[in-house]
Amino acid sequence: MNKFLIIGLGNIGEEYKHTRHNIGFDVLDAFVRKHNGFFKNDRLADIAEVKWKGKTFICIKPTTYMNLSGRAFKYWLDKEKIDIPQTLTIVDDLALPLNKLRLRGSGSDAGHNGLKDIQLILGTDQYPKLRFGIGNNFPKGRQVDFVLGKWLAEEQYMVNQKIVACGDIIESFAAIGLEKTMNMANNLSFT
């Protein structure tokens, strides 16, 4: 199958733009822009269709807010008749250092509310995820402020490098599959 559903997790609204929690949106914006696509508002999500080397990417940014991401995921999965292994969910991850990305074919929600909702609605944690490390450089009790905060000026260069790498990973995932792409993606380290 040459059709893929790419889900970038984030929250709609100006106050969430370019925050750590919205990195899924930022990655998809960059990926769609790279392929001269554009997003339009549709049911439960902003959606863009990108074609590349015979592959079609249905890229969605849910407009349901993070905690209800599963509704948009399931709706577009069914509407586009895409199998779960042909999906890739891009999400921020506190447990990963800022210089890392982690690609897996399955895995727990790790306390992430967006992933928790997707898992609940799909009834499984067996769906591919690209976790974007955001680090955990915050004082005790300030996790929400950190996650919903903007990148620091000194982090921005690395974040931009990782956003570009995520675009390459999406293409690789479609071209050579999850396993081979995992070997490449999980060994990347950014400076």
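**Close-up views of a predicted model**

**View A. Helix 2 passes helix 3 in a right-handed crossing.** The model shown here and in the other views is predicted. Helix 2 covers residues 69-79 and helix 3 covers residues 113-122. Their axes come within 7 Å and cross at roughly 45°. That angle makes helix 2 oblique to helix 3. From helix 2, the contact draws on Ser69, Gly70, Arg71, Phe73, Lys74 and Leu77. Helix 3 contributes Gly114, Asp117, Ile118, Ile121 and Leu122. By class, this contact of helix 2 with helix 3 has 5 nonpolar, 3 polar and 3 charged residues.

**View C. Strand 6 runs antiparallel to strand 7.** In one of the pairings, Leu101 has Phe132 of strand 7 as its bridge partner.

**View E. A salt bridge joins the side chains of Glu80 and Lys3.** The N to O distance is 2.9 Å. Glu80 lies in the loop between helix 2 and strand 5, while Lys3 belongs to strand 1. The pair therefore ties together parts that are 77 residues apart in sequence. In total, the structure holds 10 salt bridges.

**View F. Helix 5 packs with helix 6 at an angle of about 145°.** Helix 5 covers residues 156-176 and helix 6 covers residues 178-185. Their axes lie 7 Å apart. Helix 5 passes helix 6 in a right-handed crossing. On the helix 5 side, the contact is made by Ile169, Ser172, Phe173 and Ile176. Helix 6 supplies Leu178, Lys180, Thr181, Met184 and Ala185. The residues of this contact of helix 5 with helix 6 divide into 6 nonpolar, 2 polar and 1 charged.

Terms used: Residues are numbered from 1 along each chain as its sequence is written. This is a predicted model: local features need pLDDT of at least 70, side-chain atom pairs count only at pLDDT 80 or more; totals for chains, interfaces and linings use all residues. Side-chain values use heavy atoms; hydrogens and water are left out. Axes are lines fitted to C-alpha atoms, for helices over the stretch in contact, and angles run from 0 to 180 degrees between N-to-C directions. Helices (H or I, at least four residues) and strands (E, at least two) are DSSP runs, numbered from the N terminus. Angles under 35 degrees count as roughly parallel, over 145 as roughly antiparallel, 65 to 115 as roughly perpendicular and the rest as oblique. A crossing is left-handed if the near helix is turned anticlockwise from the far one by less than a right angle, and right-handed if clockwise. Contact means heavy atoms within 4.5 Å. Ala, Val, Leu, Ile, Met, Phe, Trp, Tyr, Cys and Pro count as nonpolar, Asp, Glu, Lys and Arg as charged, and the others, Gly among them, as polar. Two strands pair if DSSP finds at least two bridges between them. A salt bridge is a side-chain nitrogen of Lys or Arg within 4 Å of a carboxyl oxygen of Asp or Glu.
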